[in-house]
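Please view the sequence and the model together while reading.

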Amino acid sequence: MAQKKGHRSLSSDDPEELARVPLQAVLLADSFATKFRPITLERPKVLLPLVNAPMIDYTLAWLESVGVEEAFVFCCAHSQQVKDYLNKSQWMKQPGTFTVQPIESHDSISAGDALRVIYNLGVICGDFVLVSGDTISNMSLKEALQEHKERRKKDPLAVMTMVIKHSKPSSLTHQTRLGNDEILMAIDPDTKELLYYEDKTDQSQRFITLDKMLLASTPTLHLHNDKQDCYIDICSPEVLSLFTDNFDYQHLRRHFVKGLLVDDLMGYKIFTHEIHSSYAARIDNFRSYDTISKDIIQRWTYPMVPDVQYFGNCSQMKLDRLGIYKAPEVDQSRTAQIRAFSLIGNGTAIGDHSVISNSVIGQSCTIGRNVSIQGSYIWDNVIIEDDCKLSHALVCDGVHLRAGVVLEPGVILSFKVEVGQKIVIPAYSKVSLLPQPSKQDSDEELEYADANSGVVESPSITSIANTRNVDPVPDSPDAEHSDTSEVGISGVGYIWSTTEGGHEEEWRHSIAPIPAEKLMEFCLSAHTDLGVSNQDVNSLPASGELQLDSESTGFDDGEDYKDSADFEKEVEATFQRVLAGVNPENVILEINSLRLSYDMSHADCAGSLFYSIMKSALSAPFSSNLSFGNLI
Amino acid sequence: MMDFQVVVLAGGTAKKLAPLVSKEVPKALLPVANRPVLSYVLELLESSNLKDLIVVVEGEDAALRVGGWISGAYVDRLHVEVAAVPEDVGTAGALRAVAHHLTANDVLIVSGDLVSDVPPGAVAATHRRHGAVVTTLLCYAPVSGPSDTGSSAGKDKVKKSRYNIVGLDPTRQLLLHIAAGAEVEKDIRVQKNILRAVGQLEIRADLMDAHMYAFKRTVLQDVLDQKDTFHSIRQDVLPYLVRTQLRSEISANGLHKVEDNANGRVSSQNYVTWMSQHREIAPSAYQELLALSPRSPENALRTHKCCAYIASKSKYCARLNSIQAFSDINRDVVGEASHLSGYSFSSQNNIIHPSAELGSKTTVGPQCMLAEGSQMGDKCSVKRSIIGRHCRIGSNVKIVNSVVMNHVTIEDGCLVQGSVICSNVHLQERVVLKDCQEFGVCSSCCRSHL
């Protein structure tokens, strides 16, 4: 050991020396993001349970399995909690070859800062694996490491190998199933060198512009948008010094990777390693939390599945048919149903006639009668009283839902929130005991709350009835009023107003599946977009003067689509007002005048009306008993 | 090979080849190994059993000459119609002029200056197999410059050897991006929607558009009608079709609707597969969408396919469109691509017509050609060169890496290296020509060093 330390500075030059260096890993136990707020105000992201085990356990188990001997866990936000957890866990105790060392820092606000701290400590002496503590993988690193080392021997400028995996983003929403934005990469097919990387693509831009110099050294390159970045990097020690040299590098991808690719003076190169059959993904947002949980339950991550003991604190799960996992002590009523792809933790009781499907339930939860839980994640010690309905919600430890509570898709309830009787929490709401910090953008990179920062006026749960207008599904008015009186008695928590992205973007990263209307909207806008994009396409200067004629063909087309889409939207909006209680006679008049102003035919009008009717019927299946017949 | 009409664009008197071509020798009749360059295309087409041809020539005079030659050479082998079009109308203009002759479903358009052994039948078959609106032949870009003289500077090559930038799908059958002409030197701009549809785009700079295209006739005619500013097939029509392939503007007849596109690369299908991933989570949403999506069938995206046929690296493919290309092709046709020339080579790997006369101690090296009726004096040396018909060459003449056309007189002691000497040129004693790429018609030269 002493010898190794002495040679630290020389080690990278001599391959023999390299071979003797133990494989090290840097695990960032802080995501430097706020995507998991409000939960991460109280607990660090890496300790959040994923299928009833903290995320960091998955990452550490994987690091151990790939032969890492020393792992440095970098803690920043809630560092004490992370350290306490590690001290209690078997990672620190076990005598084997795998050692875990926490590194604590309080003033780091980005991955860049973290790596600079690690550089200053001087603990890294060879190639190391850089992951964040929310990475789930079962890949073998052997091949990638081998490739990395061989490249290093030939070319000392090859400082990093990125692991990528095939994953095609949806053509409508342009995000992957993990909820990440699409990534554009250009890769040299022969050397696998990364030539271009873009993860925040400008959606308004219809072209990708690649520098012509990219093709100067290689005749061929592959441009991908069907690859997913696994955020597992094999780095050479130079990476750390690069971060120190460029003190403004903060983000691993946005600054470091792009910085290296753009900078041709230094000539550092980044390579990629594609995995095909093994699993690797990172939990970046609530949607990836949902997707990866399902992948674990469906055993894509084997051996990291609930019924295999890969780290000590895992209780004995039993796998039944249809992907149902049950802890040994589950108190399940005879009439309760547990459906496919669900997991029930130890000591949980489920009452009569309750139905659970596609959900994960933690330990020591109490679930009452007639409860329906679908696609949801319920952590430990949660009490759900009778007749609650949960769909696609995330419920943290110690939450208490009183009888008749309805959680609409995408709801997040943070620790120890209590919800009063018969309250409906609108879709995509986030409820926490802590008030929402006001300055969102200034400390965007921080995972923990800044205690001194101001607090916005968050509506407390007692005022929930007043915020009901956010609710996209109109409910019958009398139910709403009956709520108000009882909420005040038992509700505890603040409803957070939606953050930077606004309500519009909330669905992208939510646990809930993308609503059908949203996809429909995209489907329609894809048409209009393309129509408009034709102008763009045609304004490409070719040798002929294309601009003139393009205006006449492409543009008209686009305009037309726009008109009809606008018209439909207008009609729909007007129609919604009938449901809201406006006199149908007036609405008929309005729709007629709309038809005239947009110069649409009766058939178009009837079609749009029909569409609006069907759409509202979809979104509120039980609520309306109005007769629409007189409208048409 | 049913229902394929062939249009050979034979050009006129291209300015780029200025002193080589003239009123007497239009581009199509430039000699390559002592045969007009057009004969290579015609025989290539004949070998794929494409015998009904329209040869379009710019300029009436040139058309007469080309027509005269074709009717003489191919009288009972091919059915050729020669059409004259005005000069400088461009390739698109030339096609507009003959558009009314086109009746077949598909049209194969070949440049008359193509010297290649890539079977046009393969391009046509690819076209038919995919039901494409256009299929283009791509071949590996030649490394320009004479390989042995080393005259072209190495650093120049990187820039020069780039002809096109093409984008292909992973199967290398669909043409998804093409930059031609001035675009090539700019940054590469790829359309996002096309990338999204395929997921992976292979961008290559080592391929060249060989100017052999199969077009769906209706589409070609539509584009030529609608876009009257289009001048060139290579730079306007093809790039236009490629970049509008996901949003076709051309009229629908014979075009594929998204639904019947079997390739799975078009958005609606991806969208359905994407939905099906989510089916188990939200089965209702899935069904609603399927039910709702064909709500407006007239809004369905119209797409068309652009395909590429990539010739294998072993195939020869070059276009005679510059003087450099002229000497390169002449060299190659008696050299590495000798199977194209149609001659049988002697054991010394050269062709010496039986009627040629050689003086004593005159050597003709391999990869040379000496056509009928040419005479050479004593102690001459010919290396990697082509000498035309009825040339008179004195003694002690050295000819290296050169093309000497017909009826040329070269007197004693001349040195010709890396040069092209046109017909009827007279070189007097001890002329030295080095890397002198063209030598005008009927000029004669005294003792000089060029």
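In chain A, six strands form an open parallel sheet in the order β18-β21-β24-β27-β30-β33. Its edge strands, which each pair on one side only, are β18 (331-332) and β33 (418-419) of chain A. Strands here are DSSP runs of E with at least two residues, helices are runs of H or I with at least four residues, and both are numbered from the N terminus. Two strands pair if DSSP finds at least two bridges between them. Within the sheet, strand β27 (residues 383-384) of chain A pairs with strand β30 (residues 400-401) of chain A in the parallel sense, over two bridges. There, I384(A) stands opposite L401(A) in β30(A).

The model is predicted, so that local features need pLDDT of at least 70 and side-chain atom pairs count only at pLDDT 80 or more, whereas totals for chains, interfaces and linings use all residues. Residues are numbered from 1 along each chain as its sequence is written, chains are lettered from A and ligands numbered from 1 in the order in which they are written, and side-chain values use heavy atoms, with hydrogens and water left out.

**Confidence in chain A**

The predictor's confidence in each residue, pLDDT, runs from 0 to 100. Its mean over chain A is 77, and 78% of the residues of chain A reach 70 or more. Confidence in chain A is highest in strand β26 (residues 377-378), at a mean of 94, and lowest in helix α12 (residues 477-490), at 37.

| Residues of chain A | pLDDT | Contacts beyond four places in sequence |
|---|---|---|
| 440-459 | under 50 | 48 contacts |
| 461-489 | under 50 | 36 contacts |

**A buried serine in chain A**

S167(A) lies in the loop between β8 (158-166) and β9 (184-187) of chain A. Is this residue, S167(A), buried or exposed? With a relative accessible area of 9%, S167(A) is buried; the term means under 20% relative accessible area, with a 1.4 Å probe and protein chains only. S167(A) and D226(A) are 59 residues apart in sequence, yet 5.1 Å apart in space, C-alpha to C-alpha. Not counting residues up to four places away in sequence, S167(A) touches T176(A), N225(A), D226(A), K227(A) and Q228(A). The side chains of S167(A) and Q228(A) make a polar contact at 3.4 Å. Such a contact is a pair of N or O atoms within 3.5 Å; within protein, one must be able to donate a hydrogen and the other to accept it, and residues adjacent in sequence count only if both atoms are side-chain atoms.

**Chain B**

Chain B has eleven helices and 33 strands. Of its 450 residues, 57% count as buried.

Strand β4 (residues 52-58) of chain B has six of its seven residues buried, so it is largely enclosed by the rest of the structure. Strand β1 (residues 4-11) of chain B pairs with β4(B) in the parallel sense over five bridges, and V56(B) in β4(B) is the bridge partner of L9(B). β4(B) also pairs in the parallel sense with strand β5 (residues 79-85) of chain B, over seven bridges; V57(B) stands opposite A84(B) in β5(B).

Helix α8 (residues 233-243) of chain B is likewise largely enclosed by the rest of the structure, because nine of its eleven residues are buried. Among them are I233(B), D236(B) and R243(B). At the start of α8(B), a side-chain oxygen of S232(B) reaches to within 3.1 Å of the backbone nitrogen of R234(B).

Key:
Buried < 20%, exposed > 50% of the residue type's maximum accessible area, 1.4 Å probe, protein only. Contact = heavy atoms within 4.5 Å.
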